[in-house]
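Me: Please go through this model with me and set each label against its definition.

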Amino acid sequence: MAANRDRPVIILRPIKRVAAGHHGGAWKVAYADFVTAMMAFFLVMWIVGITDKQQRAAISEYFKNPSAVVGKSLKPAPGANGPGGAADRLIPTTSAVAVAGGHGAEFGAREPMKLSPQQAKDIAREEEKRRLDELKRALEEAIDRSQALAPFKDQLLIDLTPEGLRIQIVDRQNRPMFDTASASLKGYAHKLLGEMGGLLNDGHHRIALSGHTDEAPYHSLGGYGNWELSAERANAARRALVEGGLQEDRISRVVGLAASVPFDKTDPLSPVNRRISIVVLNPEAENAPPADSLPGTLPGKGAPAPGALPEVGPPIRVANVPDESGHGNG
């Protein structure tokens, strides 16, 4: 009996095994909210990306005054529709309710502003002038930055004319662009025109080229003279521009004007009269005769002089290159 009392008492407690508890579905709700928020975010970014400045302004106006009913907003919107102006149409749609006011005529629908043909033409002309002004500034900045063009800035004349942006490359006393009595470009002139070809390749405007000589008499075998020489020099300039990167289908016309339109009328033999004129045409001038081809134009202006009468000059001709025995101006 004593031995039984000294024996340790062993208590067996059964272990209850149960399946793992359920963690609930709260994470699914949080994940769904996250996905919804991301979808809304990317929708907003997409809408902002496809809208222009005016449409973004209308979106901003909506959040300032979301009321579509006049007088319900605490702060009237200064938008185009006044109070409740947030209902301006943002994206073109064929929906019947997509009208100014957002809910049909009873909410202040407005007819679109109608422009007369002359007003539309004036607006288009102003927009084109702005583009050419920007191109002029870009060219001037590029010329200042370019190491290849900087030494020849005194030979580049850039101005705006009624037919577009005109760039004239003129001869200097000791720096002609072409060999004497030849349409062969000097090395520096070829490089200069190549640089200009890359700068003018904006893809929006067409280009007109004209060649000019001074009044030094020049005649060769077969009747080759200043008219043929100026035309071939203009064509040589065209080839250099194309080699520099200008797309060939952008060139509208290439003409030779000989000495009929002198730059310096006081000195018919001045080197500046020997020049290549490159005109970036505006749409109105693409199918019109070049302004600087009209006799009686003011130097550097491209518009007829007051009281100037049209003159009849020799016809523009293109001929073969003269033989080496020809003599003429530079």
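Me: Which residue in E5 does Leu165 stand opposite?

Reply: Leu165 stands opposite Val280 in E5. The model is predicted, with local features needing pLDDT of at least 70 and side-chain atom pairs counting only at pLDDT 80 or more, while totals for chains, interfaces and linings use all residues. Residues are numbered from 1 along each chain as its sequence is written, and side-chain values use heavy atoms, without hydrogens and water.

Me: Why are E2 and E5 called paired?

Reply: Two strands (DSSP runs of E, at least two residues) pair if DSSP finds at least two bridges between them. E2 and E5 have seven bridges, in the antiparallel sense, so they meet the definition.

Me: What makes strand E1 and strand E4 edge strands?

Reply: The open sheet has the order E1-E2-E5-E3-E4, with mixed pairing. E1 (156–161) and E4 (251–256) each pair on one side only.

Me: Why is E2 called mostly covered?

Reply: Buried means under 20% relative accessible area (1.4 Å probe, protein chains only). Seven of the seven residues of E2 are buried, so the label follows from that cut-off.

Me: Which strands does helix H5 touch?

Reply: Helix H5 (residues 187–200) touches E1, E2 and E5, where contact means heavy atoms within 4.5 Å. The direction of H5 makes about 170° with that of E2; such angles run from 0 to 180 degrees between N-to-C directions, with axes fitted to C-alpha atoms, for helices over the stretch in contact.

Technical notes: Helix = DSSP H or I, 4+ residues; strand = E, 2+ residues; numbered from the N terminus. Buried < 20%, exposed > 50% of the residue type's maximum accessible area, 1.4 Å probe, protein only.
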